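I am opening this notebook to go through one model step by step, from overall make-up to single residues. The entries below keep to what I looked up.

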Amino acid sequence: QVQVVESGGGFVQAGGSLRLSCAASGIIFRIDSMGWYRQAPGNERELVATITSDGRTNYADFVKGRFTISRANAEVYLQMNSLTPEDTAVYYCNQDLNTRSYWGQGTQVTVSS
């Protein structure tokens, strides 16, 4: 059974940093794109950043210059700097594995002002 699990969320003051990690486990024979999404209360889930298997990245405008997505094997990371209260949300990892899309359970990020 393939699954992905996020870690690294937490509570931070405005201007601080957090690093999210997402690891896949199980029998994996193909790894394609990976990404991070977030959902704040009352809002729809939105794309934060994606990275392809050959390392091409794409960022939402609201995180450009502050967040960096990276990957290594079956793990994907999100380095988040200069956090603001507007970044408060549940952050979800998505990985395209074995031609299917897998979501993690989410990790809460809370930024205080």
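Before reading any pairing, I note the rule I rely on: two strands pair if DSSP finds at least two bridges between them. I also note that this is a predicted model, and I read every entry with that in mind.

Entry, strand pairing. I looked up strand 11 and found that 3 bridges join strand 9, residues 89-97, to strand 11, the two running antiparallel. Within this pair I find tyrosine 91 standing opposite threonine 107 of strand 11. Strand 11, which spans residues 107-112, also pairs with strand 2, residues 10-13, in the parallel sense and over 4 bridges. Here phenylalanine 11 is the residue that stands opposite threonine 110 in strand 11.

Entry, elements. How many helices and how many strands does the protein have? I count 0 helices and 11 strands, and the order from the N terminus is accordingly written as β-β-β-β-β-β-β-β-β-β-β.

Entry, overall dimensions. I compared the radius of gyration of the protein, 13 Å, with the value near 13 Å that a compact globule of 113 residues would have, and the two agree. Taken along the principal axes, the box filled by the C-alpha atoms is roughly 45 × 25 × 20 Å.

Of the 113 residues in the protein, 43% are buried, where I take buried to mean under 20% relative accessible area.

I find 9 positive and 10 negative side chains, with the centres of the two sets 4 Å apart.

Entry, backbone angles. Is asparagine 73 buried or exposed? Its relative accessible area is 69%, so I record asparagine 73 as exposed.

Threonine 99 likewise carries a positive phi, near 65°, and lies in the loop between strand 9 and strand 10 (100-103).

Technical notes:
Residues numbered from 1 in each chain as written. Predicted model: local features only at pLDDT ≥ 70, side-chain atom pairs only at ≥ 80, totals over all residues. Heavy atoms only, no water. Rg over C-alpha atoms; globule rule 2.2 N^0.38 Å. Buried < 20%, exposed > 50% of the residue type's maximum accessible area, 1.4 Å probe, protein only. Lys, Arg positive; Asp, Glu negative; His and termini not counted. Charge placed at Lys NZ, Arg CZ, Asp CG, Glu CD.
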